[in-house]
Amino acid sequence: MCLAVPGRVLDIEERDGTRMASVDFGGVVKEVCLEYLPDLQVGEYAIVHVGFALQRLDEESAKQTLELFATLGMLQEEFGDPWELAAEAGGSPLPGRIDVPQEAQK
């Protein structure tokens, strides 16, 4: 699934004529194109989909959405390590990692 996720702009720069930003999605930082929101500023929030900031969002709404996504595990699905997600889906531990069965953890 590919989500539109709110993120906070950390910094902005122009790269090869394109306005780009580092955006924080609840602890995960990604590079995002700001061409659709040319007046977006550092510290503001935007909804981002497939690497493009699409719509400005107020801080409260952004934080509520990020909290909900985290609670539902959707941030891990969207930003998690693809190798780890694939291993979990296949029921296998990652190479070099020892997984302790649930029963042994109790």
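**Stop 1: a nonpolar patch**

Select Tyr36, Val50, Phe52 and Leu54, which make a nonpolar surface patch of about 410 Å². Keep in mind throughout that this is a predicted model.

Leu54 sits in strand 5, which covers residues 52-57. Is Leu54 buried, partly exposed or exposed? Its relative accessibility is 44%, so Leu54 counts as partly exposed, since that class lies between under 20% for buried and over 50% for exposed.

**Stop 2: the whole chain**

Clear the selection and colour by secondary structure. The protein chain has five strands and four helices. Followed along the sequence, the pattern is β-β-β-β-β-α-α-α-α.

With a surface drawn, the chain exposes about 7,100 Å², and carbon and sulfur atoms supply 53% of that area. Of the 106 residues in the chain, 26% are buried. For contacts between residues at least 6 apart in sequence, 34% join residues at least 24 apart.

**Stop 3: strand 1 and its partners**

Select residues 5-15, which are strand 1, together with residues 45-49, which are strand 4. These two strands pair antiparallel over four bridges. To find one place where they meet, pick Pro6: its bridge partner in strand 4 is Ile47.

**Stop 4: strand 2 and strand 3**

Asp24 stands opposite Val29 of strand 3. This pair of strands also makes a hairpin with two residues between them, and Gly26 in its turn has a positive phi of about 65°.

**Stop 5: Ser22**

Finish on Ser22, which lies in strand 2. Ser22 counts as buried because its relative accessibility is 11%, and the cut-off for buried is under 20%. Which residues does Ser22 touch, leaving out those up to four places away in sequence? Select Arg8, Val9, Leu10, Asp11, Val29, Lys30 and Glu31 to show them. Of these, Val29 is the residue seen opposite Asp24 at the previous stop.

Notes
Residues are numbered from 1 along each chain as its sequence is written. This is a predicted model: local features need pLDDT of at least 70, side-chain atom pairs count only at pLDDT 80 or more; totals for chains, interfaces and linings use all residues. Side-chain values use heavy atoms; hydrogens and water are left out. Patches are made of residues with over 30% relative accessible area and no salt bridge: like charges are joined within 9 Å, nonpolar side chains (Val, Leu, Ile, Met, Phe, Trp, Tyr) within 5 Å. Accessible areas come from the Shrake-Rupley method with a 1.4 Å probe; for residues, only the protein chains shown count as cover. A salt bridge is a side-chain nitrogen of Lys or Arg within 4 Å of a carboxyl oxygen of Asp or Glu. Buried means under 20% relative accessible area, exposed over 50%, partly exposed in between (1.4 Å probe, protein chains only). Two strands pair if DSSP finds at least two bridges between them. Contact means heavy atoms within 4.5 Å.
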